[in-house]
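Open your viewer and get ready to click along. This tour goes stop by stop, telling you what to select and what you will find there.

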Amino acid sequence: MSEYDFKEIEKRWQQKWVEQQTYRVEIDHSRPKFYVLDMFPYPSGAGLHVGHPLGYIASDIYSRFKRQKGFNVLHPMGYDAFGLPAEQYAIQTGQHPATTTEKNIARYREQMDKIGFSYDWSREIRTSDPEYYKWTQWAFEQMFNHYYDPITKQARPISEIEHLHTAEELMRDYRLAYQAVTMVNWCEALGTVLANDEVKDGLSERGGYPVVQKPMKQWLLRVTAYAQRLVDGLDSLEWSESLKEIQRNWIGRSTGSTMFFPIEESDKKLEIFTTRADTVFGVTFMVLAPEHEWVTSLTTPEQRVEVESYREQTKKRSERERIADTRRVSGAFTGSYALNPFNGTRIPIFISEYVLAGYGTGAIMAVPAHDSRDYAFAKHFSLPIIPIIECDISSESYDAKDGKLINSDFLNGLEVKQAIERMFQEIESRGIGFKKINYRLRDAIFSRQRYWGEPFPVYYVNGEPHLLPEDKLPLELPPIEDFTPTHDGQPPLARVHGWQFETSTMPGFAGSSAYYLRYMDPHNNDALVGHSANEYWQNVDLYLGGIEHATGHLIYSRFWNFFLYDIGAVCREEPFKKLINQGMIQGRSNFVYRIKGTKTYVSCGLKESYDTQQIHVDVNIVRNDVLDIDAFKAWMPEYHDAEFVLEDGRYICGWAVEKMSKSMYNVVNPDMIVDKFGADTLRMYEMFLGPLQQSKPWDTNGIDGVHKFLKRLWRICECSTDVAPSAAELKSLHKTIKKVSDDIESFSFNTAVSASMICLNELYEFKTTSRELLRSLVVLMAPFTPHIAEELWQFMGGQGSVCDAPYPVFNADYLVEDSFEYPVSINGKMRFKRLFALGLDRAEIEREIVADAQTLKYTQGRPIKKIIVVQGKIINIVA
Ligand code: ANZ
């Protein structure tokens, strides 16, 4: 063997893996399956930076580890290829999104290939591929043709109830994919609907154009039907408690009452939702959402102008802004009154934006004494505030749910919790309302007025939607040239001559909702996933991805999968058993310091003596915070004739941890690291950076250490011989086997790497040459550094690929200690330590310790009065 030539080795093994189809997996009933999935990437134009592969490396290590442990591991990869950025880019440049997506995918693939992942690429999927989105369209059609039966708590064919309802009712209340008029953020200038986070203060984030709330017909998915199952299912999942809590809050289950308040001089009754029915004697006004459908009929002629102008104003604000803004108090009086159903008190009815149209019934009974928003409103409009719990409300409301009730007729004297229970009965027995469970979760808007997404397999006859028959799927996205909306605000597909289908397309989450299933059986023409493939692979055992998907993707895909489960298309209800969120890799930026108004740059340690300006410098021309001066001069024309004030002959840069981004010149490209140090070093180093689940800065400074480790591994294996391992060597190895495998199981990859390093150091101290031992070490390293492991495995006579070398089995016997380092205490003071074999008897230990030079030193020649030896624990000497 020779030098560790990582370039040659990595290239050769990557080729071999392809030729030998090392990572291809098939159903194999003789082995247990294990499914490891990465959240597939959206292939953006910028390519991967070192932060992206962090999760991929971790899941790759886990996959390889499981494979060595005897599992049949499914570890696929693909692309979330539809989406907005490609379309925005198309609008700007005229390049078709299909073309740019293709290009970006090729770049991603090239970058990933260099890192040595064990993906089975024969299973690759792309959401924009008609063969794939056929199944997205198919699922949509199934949802259209099913409803949720609350009795059996599952989806049922719509045909079962079709004869009981009108087409409108089926659409409004039953179909799981349905059309409805909803409020959208409409931007006239851009001619499009915007997502909530694309709107800031009533203006579009891009361009700053006015955005108004506008009712528009949209496709929706009835996710709310599954709200309870989405909550309940969480208990069975191995997800972090914090992630589960995010989902619980998002679903927002709350138990309360629906109550009806008669309207004065009318036979109508206003329906409200409250979680505090016990406060009904403290109601001093009612509030409707400005969009509530009764606003017009309740508004008296005198109030019309005020109410209409208020409604006009609120149209400008998105719901999110309305929730976020708790300080601003505004509203308008409708002129009408409701009557308290318990005591007949007249209650004025207002409208205000703090009541949201989409939650509960869009109407509330306001109790200013015990709700802070109601309190602020009452103060603003000088409305009465009646406490119904003993408390002080002189400066703020008392919102807590405890205390004794007052001013409340038959509830007086009860504790709040008792009063709430009592009210559930009272409301029902008096026919005023009923107990009701509400969810904050909303049905998901499923259409976008855009081009680059799945077309809906829907055509219209007299405005009625009809489905394209299943055997005609996929309905392919037609090619177009102009990606902007039409002048009357229609989506781009409206421009396509002869296009007779729905013109909006499906949103980003459509294609990612069931992709994990397709990997099980990617080439099946008859089903999203065939029965036998699904029975074998079941669901994802380990899912790795970013926490930013906690609500969107991870709610939608659970919903989608629950539905497929209900209709018998899949065998598992939950898609992702265990989920790990990897932390973010932040950038570590570097700075140079320019003396203001000059071309002179001062090294960091000297900058205080000058009036300087801090400037970002490309981290790729800095090494261990030392600037490569020539590279700096060549970096940009303005630095060409730069001059420097150095420290010890070097220019030291300042640094800070910031988001990894192009504008801060702190983006580190994995290709560059692979080029310089090799993929194995990159893989190991990314894991070494710190705990997987925590965010941490990328810091290329430490990479040499890891690279050196691999060189030493190389060298020690190079000199391997046939000798049998010693007990000490075996102990070091087995300690490491235990540590590394336990750490991988608990996703503590950084400590696994350190343990391997410690082991190698020990083996160097032992001057180990045992091939048998080193082979085990190489197998242990293989998940982290597969290329060098393959090479060394072969070199040391291993059979087949190291990927299939069985994982070394930990043997505790090697760890049994045969000696003990005794603490020696003299006259009650711990003085030194001394090693004795554990088999040694007390008399022998006494004899040796008395003669020990250290003992003589600490007793200063005084006679020894007593020696107490506690075997395996301590030696006490009195002198
Ligand atoms: C009377 C009351 C008295 C309320 C009181 C609270 C405290 P959660 O837990 O989030 O479900 N509410 C109902 N619908 C609303 C809507 N569309 N927009 C804004 N607020 C709405 O909260 C339910 C409570 O939020 C309900 O109980 C209602 O105010 C308000 F001392 O009714 B409560």
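Start by selecting glutamate 573: with a relative accessible area of 28%, it is partly exposed. Here buried means under 20% relative accessible area, exposed means over 50%, and partly exposed is in between (1.4 Å probe, protein chains only).

Before moving on, a word about the model: it is predicted, so local features need pLDDT of at least 70 and side-chain atom pairs count only at pLDDT 80 or more, while totals for chains, interfaces and linings use all residues. Residues are numbered from 1 along each chain as its sequence is written, and side-chain values use heavy atoms, with hydrogens and water left out.

**Stop 1: a link across the chain**

A salt bridge is a side-chain nitrogen of Lys or Arg within 4 Å of a carboxyl oxygen of Asp or Glu. Where do glutamate 573 and arginine 229 sit in the chain? Glutamate 573 is in the loop between α17 (552–566) and β21 (576–581), arginine 229 is in helix α7 (residues 227–233), and the two are 344 residues apart. Helices (H or I, at least four residues) and strands (E, at least two) are DSSP runs, numbered from the N terminus. Arginine 229 is buried, at a relative accessible area of 12%.

**Stop 2**

Now select arginine 126 and glutamate 102, whose side chains form a salt bridge (3.4 Å, N to O). Arginine 126 lies in the loop between α4 (97–115) and α5 (130–144) and glutamate 102 in helix α4, so this pair ties together parts that are 24 residues apart in sequence. Is each one buried or partly exposed? Arginine 126 is partly exposed at 22% relative accessibility, and glutamate 102 is partly exposed at 47%.

For another pair, pick arginine 430 and glutamate 426, which meet in a salt bridge through their side chains (2.9 Å, N to O). Arginine 430 is partly exposed at 41% relative accessibility, whereas glutamate 426 is buried at 12%. A search of the whole structure finds 48 salt bridges.

**Stop 3: the nonpolar cores**

Select Met112, Phe446, Trp698 and Phe749. These have the most contacts inside the largest nonpolar core, which has 169 residues. A nonpolar core is a set of buried Ala, Val, Leu, Ile, Met, Phe, Trp, Tyr and Cys residues joined through side-chain atoms within 4.5 Å. Which residues does methionine 112 touch? Leaving out residues up to four places away in sequence, methionine 112 touches Leu48, Tyr56, Met77, Tyr79, Phe117, Tyr119 and Trp121. Contact means heavy atoms within 4.5 Å. A second, separate core of 48 residues includes Val355, Phe377, Ala378 and Ile388.

**Stop 4**

Show helix α20 (residues 679–688) and helix α25 (residues 786–795). They pack at an angle of about 125 degrees, with their axes 7 Å apart. Axes are lines fitted to C-alpha atoms, for helices over the stretch in contact, and angles run from 0 to 180 degrees between N-to-C directions. The contact is made by Ala679, Asp680 and Arg683 of α20 and Pro786, His787 and Ile788 of α25.

Now keep α25 alone. Eight of its ten residues are buried, so α25 is largely enclosed by the rest of the structure. What covers its buried residues includes α1 (6–19), α2 (53–68), α4, α20, α21 (703–718) and α24 (771–781). Just after α25, find glycine 797, which takes a positive phi of about 85 degrees.

**Stop 5: a proline in a strand**

Go to proline 348 in strand β14 (residues 346–351). Proline 348 is buried, with a relative accessible area of 13%. Among the residues it touches are Thr284, Phe285, Met286 and Phe333. Valine 287 is 61 residues from proline 348 in sequence and 8.7 Å away in space, C-alpha to C-alpha.

**Last stop: zoom out**

Show everything. The protein has 27 helices and 33 strands, and along its principal axes the C-alpha trace spans about 110 × 80 × 75 Å. Buried residues make up 53% of its 879 residues.
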